[in-house]
Amino acid sequence: LTTIDFVAEAYLAPALPRLRQRHPGIVLDLVTTPQLLDLGRDADVAVRVLRPRHGSVVSRKAGSLAVAPYVSPRLLRGRRAQDPPQDLDVLALGEHFFRHGQNAWIDRIPGARVVLHTTSIGMLVGAAQAGVGAALVPVGLAERAGLVRLEALPATSWSIWVASHQDFAKSPRVQAVWAFVADAFAAAARP
């Protein structure tokens with residue numbers, strides 16, 4: 001199974017006991033990387049924010065993740081979170097995400113200056129906490145980190161996709177991992 005670090009830590013790790021209980025014979029090899037690994041050769045299953053669209057890959061939506069722009073309280077510098085932001089340093093997801101529109105929120109900030117590109121959600125949160133700039137990050141993670149939502153900008157959601165090579169997608173082991181991923185996101189969505 002391959003995914004990004006944040007998904008593994010925040011969603012899959014808490015759901016591992018259920019996977020172990022339901023399928024004690026499955027040994028999960030988890031690779032966290034922002035790189036898209038070759039399904040069928042390097043990994044059996046991928047969990048991604050961007051839908052894999054390769055000809056030999058099958059995928060389905062496993063859940064969604066609420067995201068919104070957040071800043072450190074000190075970065076507001078006397079402004080209110082409800083005020084439209086302007087002239088703000090911003091933290092962006094790396095170029096691969098930029099090409100797929102994940103950073104479109106930055107265009108809504110007049111005078112925005114991108115000061116960091118990263119593929120790590122954890123880095124976005126950490127840099128936002130340090131007051132480096134505003135970042136579009138998962139709502140629950142931002143709130144736990146003590147960040148303040150920029151309320152004048154809309155929240156959105158990212159679809160979470162689970163995918164496998166078509167030759168392996170029907171195997172019972174792969175189907176069990178797909179169900180595990182869907183359960184992990186469903187459990188996280190419950191209050």
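This note comments on a few local features of the predicted model shown above.

1. Basis. The model is predicted; local features need pLDDT of at least 70, side-chain atom pairs count only at pLDDT 80 or more, and totals for chains, interfaces and linings use all residues. Residues are numbered from 1 along each chain as its sequence is written, and side-chain values use heavy atoms, with hydrogens and water left out.

2. Residue A8. Helix α1 (residues 5-22) contains A8; helices are DSSP runs of H or I with at least four residues, strands are runs of E with at least two, and numbering starts from the N terminus. A8 counts as buried because its relative accessibility is 6%; buried means under 20% relative accessible area, exposed over 50%, and partly exposed in between (1.4 Å probe, protein chains only). Apart from neighbours within four places in sequence, A8 has contacts with T3, A13, L30 and T32, where contact means heavy atoms within 4.5 Å. The C-alpha atoms of A8 and S59 lie 18 Å apart, with a sequence separation of 51 residues.

3. Strand β3. In a regular strand, side chains alternate between the two faces of the sheet. In β3 (residues 45-48), V45 and V47 point one way, A46 and R48 point the other way, and all are buried. Strand β3 runs antiparallel to β9 (residues 156-165), with four bridges joining them; strands pair if DSSP finds at least two bridges between them. R48 has W161 of β9 as its bridge partner.

4. Residue D87. The loop between β4 (57-71) and β5 (89-93) holds D87. D87 is a residue other than glycine with a positive phi, near 45 degrees. Because its relative accessibility is 45%, D87 counts as partly exposed.
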